[in-house]
Amino acid sequence: MSQEQYKEAIKSTRRFDEIQVTPLRRQIFSTPIFCAKDLREEGEETRKKAIDLAYKTIQGQTESGLVSEGWTDATITGDKKKQNTMGVTSFFGQNLCNEKEWKFFNDYIAELSYEVLAETIDPYLLEGLSLANSWVTIYPNGAYVPEHIHSMFEVSGVYYLQADGGDISFKDPYWVGKTMNIWGQGEKIFPHGSVTMDYEAITGGIMLFPSWLPHRTKPNPSDKDRIIYSFNLCTSSALRRLCQLNFEDDGMNR
Ligand SMILES: [Fe+2]
């Protein structure tokens with residue numbers, strides 16, 4: 001029997017979660033992420049406004065968190081020299097969702113995220129989509145963020161206000177299991193895909209990903225600051241689920 005004859009033999013009832021690579025080989029348990037480039041007419045003007053505000057926000061903080069190795073060491077400092085070499089984030093000082101002057105941009109990102117997700121996600125699940133928290137980070141030449149996840153949320157994202165290289169790199173959380181069975185000189189009997197996936201950082205790029213997915217960025221290779229707006233999303237449906245758990249049935253059966 002030729003390989004071609006096996007092709008239709010076994011079908012999954014969950015076709016959306018399966019990628020058929022060849023007639024016999026399929027990839028299962030993949031991780032969805034959403035990548036898009038903001039081509040809106042008002043994009044450039046909006047980014048310009050947000051970039052000015054990003055510098056103003058950082059300058060307005062007496063102390064800010066550092067990125068690069070400063071992130072690993074959880075350094076929060078007012079030392080401008082360190083901020084200008086290692087990179088700096090507003091994350092530890094403010095939730096920009098609560099800042100009036102950032103409202104125009106939070107609305108812009110929520111709308112953009114909705115459009116990207118709505119391509120494949122049912123609208124009723126996206127009802128009330130909004131930003132739960134957000135922060136801005138400025139990476140000078142050589143600065144990066146070490147690997148991390150966004151705890152407590154379901155969907156997270158990043159929007160590149162200004163970027164010229166320095167990929168974002170996602171890592172399969174099951175990398176240990178997938179790479180432990182390497183026999184001999186790196187030979188593998190059973191094939192698996194890469195355990196890291198890199199995407200280029202470009203101005204106007206938006207990436208949405210599951211909050212549990214580990215990611216890091218590579219050092220900014222450019223002399224121009226890389227400026228990013230990061231956020232965690234929330235929906236009415238997620239809030240309903242949380243409220244039911246927290247208020248209607250707290251699991252204690254009292
Ligand atoms: Fe992140």
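Start by selecting serine 169 and arginine 216: in strand E12, arginine 216 is the bridge partner of serine 169. (Strands, E, are DSSP runs of at least two residues, and helices, H or I, are runs of at least four, all numbered from the N terminus.) Before moving on, note that this is a predicted model, where local features need pLDDT of at least 70 and side-chain atom pairs count only at pLDDT 80 or more, while totals for chains, interfaces and linings use all residues. Residues are numbered from 1 along each chain as its sequence is written.

**Around E9**

Two strands count as paired if DSSP finds at least two bridges between them. Next, show the side chains of E9 (residues 168-171). Which residues make up its covered face? Those are Ile168 and Phe170, while Ser169 and Lys171 are on the uncovered face.

**The open sheet**

Select E3, E11, E8, E13, E7, E6, E4 and E5, and you have an open sheet of 8 strands in that order, with antiparallel pairing. E3 and E5 are the edges: each has a single partner strand, so one side of each has no neighbour in the sheet. Zoom in on E3, which is joined to E11 (residues 205-210) by 4 bridges, the two strands running antiparallel. Lysine 37 is opposite glycine 205 of E11.

Bring in helix H1 (residues 43-60), which lies across strands E4 (64-66), E6 (88-89), E7 (130-139), E8 (155-162) and E13 (226-234). H1 runs at about 100 degrees to E8. That angle is taken between N-to-C directions on a scale from 0 to 180 degrees, using axes fitted to C-alpha atoms, for helices over the stretch in contact; residues are in contact if their C-beta atoms, placed from the backbone, lie within 7 Å.

**Two loop stops**

Most residues other than glycine have a negative phi. Pick phenylalanine 29, in the loop between E2 (26-28) and E3 (34-37): its phi is positive, near 60 degrees. Is phenylalanine 29 buried or exposed? It's exposed, with 8 other C-beta atoms within 10 Å. (Exposed means 12 or fewer such atoms, buried means 20 or more, and partly exposed is in between, with C-beta atoms placed from the backbone.)

Finish at alanine 74, in the loop between helix H2 (69-72) and strand E5 (76-77). Alanine 74 has a positive phi of about 50 degrees and is exposed, with 9 other C-beta atoms within 10 Å.

Notes: Two residues are in contact if their C-beta atoms, placed from the backbone, lie within 7 Å.
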